[in-house]
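Please look over the sequence and the model shown below before reading on.

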Amino acid sequence: MKPWQTMAAVAVLLAGLGTSQAADFRSWAKNMQIQFGGYTATETLTNFPALVVFSNGMASGFSHADFAGTNADLRFTDSTLTNELNYEVESWDTNGSSVVWVQVPQLTNGASIWAFWGQSGQTPPACTTNGATWSNGCKAVWHLGSTNDYSASGYHGVVSGGVSSAPTNAIIGS
């Protein structure tokens with residue numbers, strides 16, 4: 001093999017390492033398309049963690065009762081239905097709203113992904129606990145009410161001092 005052929009083969013191999021995991025969830029009992037509207041910027045956000053909230057009685061007919069046990073059988077794919085997406089369950093409330101963060105490959109106004117569930121015998125994928133959902137440059141992620149860092153960095157917070165429940169005027173950003 002000539003040196004340029006070896007380099008080309010390595011380049012093709014490395015290019016494949018960054019692709020999403022192929023998936024086929026067509027046989028799963030339930031699915032729902034999720035469309036993101038309201039994003040009006042012209043820039044496409046890449047691998048952006050987007051908030052998805054599930055609640056019983058949604059227009060799509062979603063019901064927590066359709067899961068095979070807990071949420072271990074929840075999965076997400078991109079709009080092609082073939083590339084499995086990273087996600088993290090922030091909270092799961094079968095009697096209310098469940099909050100899930102999904103890493104959307106390309107977030108634009110009108111972008112869509114798919115959710116699948118209703119397949120018994122599943123275990124949660126590693127992305128639900130290893131911080132992969134926040135891998136696009138997030139140094140740390142804290143959900144309100146928790147001092148745990150949900151990114152892969154492990155920068156957990158420490159409660160110090162008292163917390164006031166009184167409203168405080170503040171400026172965010174700068």
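**A buried charge without a partner**

Asp78 is buried (under 20% relative accessible area, where over 50% is exposed and in between is partly exposed, with a 1.4 Å probe and protein chains only), yet Asp78 has no salt bridge, and the nearest side chain of opposite charge, Arg26, is 12 Å away. A salt bridge here is a side-chain nitrogen of Lys or Arg within 4 Å of a carboxyl oxygen of Asp or Glu, and for charge, Lys and Arg count as positive and Asp and Glu as negative, while His and the chain ends are not counted. This is a predicted model, in which local features need pLDDT of at least 70 and side-chain atom pairs count only at pLDDT 80 or more, whereas totals for chains, interfaces and linings use all residues. Residues are numbered from 1 along each chain as its sequence is written, and side-chain values use heavy atoms, with hydrogens and water left out.

**Surroundings of Asp78**

- Asp78 is placed in the loop between β4 and β5 (83-84), where helices (H or I, at least four residues) and strands (E, at least two) are DSSP runs numbered from the N terminus.
- The side chain of Asp78 makes a polar contact with the side chain of Asn83 at 2.7 Å; such a contact is a pair of N or O atoms within 3.5 Å, of which, within protein, one must be able to donate a hydrogen and the other to accept it, and residues adjacent in sequence count only if both atoms are side-chain atoms.
- Leaving aside residues up to four places away in sequence, Asp78 touches Asn83, Leu85, Pro105, Ser112, Ile113 and Trp114, a contact being heavy atoms within 4.5 Å.

**Overall fold**

- The chain has one helix and eight strands, and from the N terminus on its elements run α-β-β-β-β-β-β-β-β.
- Of the 174 residues of the chain, 31% count as buried.
- Among contacts between residues at least 6 apart in sequence, 66% join residues at least 24 apart.
- The accessible surface of the chain comes to about 11100 Å², of which 54% belongs to carbon and sulfur atoms; the areas come from the Shrake-Rupley method with a 1.4 Å probe, and for residues only the protein chains shown count as cover.

- In soluble globular proteins, nonpolar side chains tend to be buried together.

- Arg26 forms a salt bridge with Asp24, with the closest N and O atoms 2.6 Å apart; Arg26 counts as exposed at 67% relative accessibility, and Asp24 counts as partly exposed at 46%.
- Asp66 forms a salt bridge with Lys30, with the closest N and O atoms 3.9 Å apart, and this pair links distant parts of the chain, since Asp66 is in the loop between β3 and β4 (75-77) and Lys30 is in strand β2, 36 residues apart.
- Both partners are partly exposed, Asp66 with a relative accessible area of 27% and Lys30 with one of 34%.
- The side chains of Glu84 and Arg75 meet in a salt bridge at 3.6 Å, N to O; Glu84 is buried at 14% relative accessible area, and Arg75 counts as buried at 5%.
- Glu88 lies in strand β6 (residues 87-91) and counts as buried at 4% relative accessibility, while the C-alpha atoms of Glu88 and Thr129, 41 residues apart along the chain, are separated by 6.9 Å.

**Backbone angles**

- Most residues other than glycine have a negative phi.
- Asn47, placed in strand β3, has a positive phi near 50 degrees and is partly exposed, with a relative accessible area of 31%.
- Leu81, in the loop between β4 and β5, has a positive phi of about 70 degrees although it is not a glycine, and Leu81 is partly exposed, with a relative accessible area of 31%.
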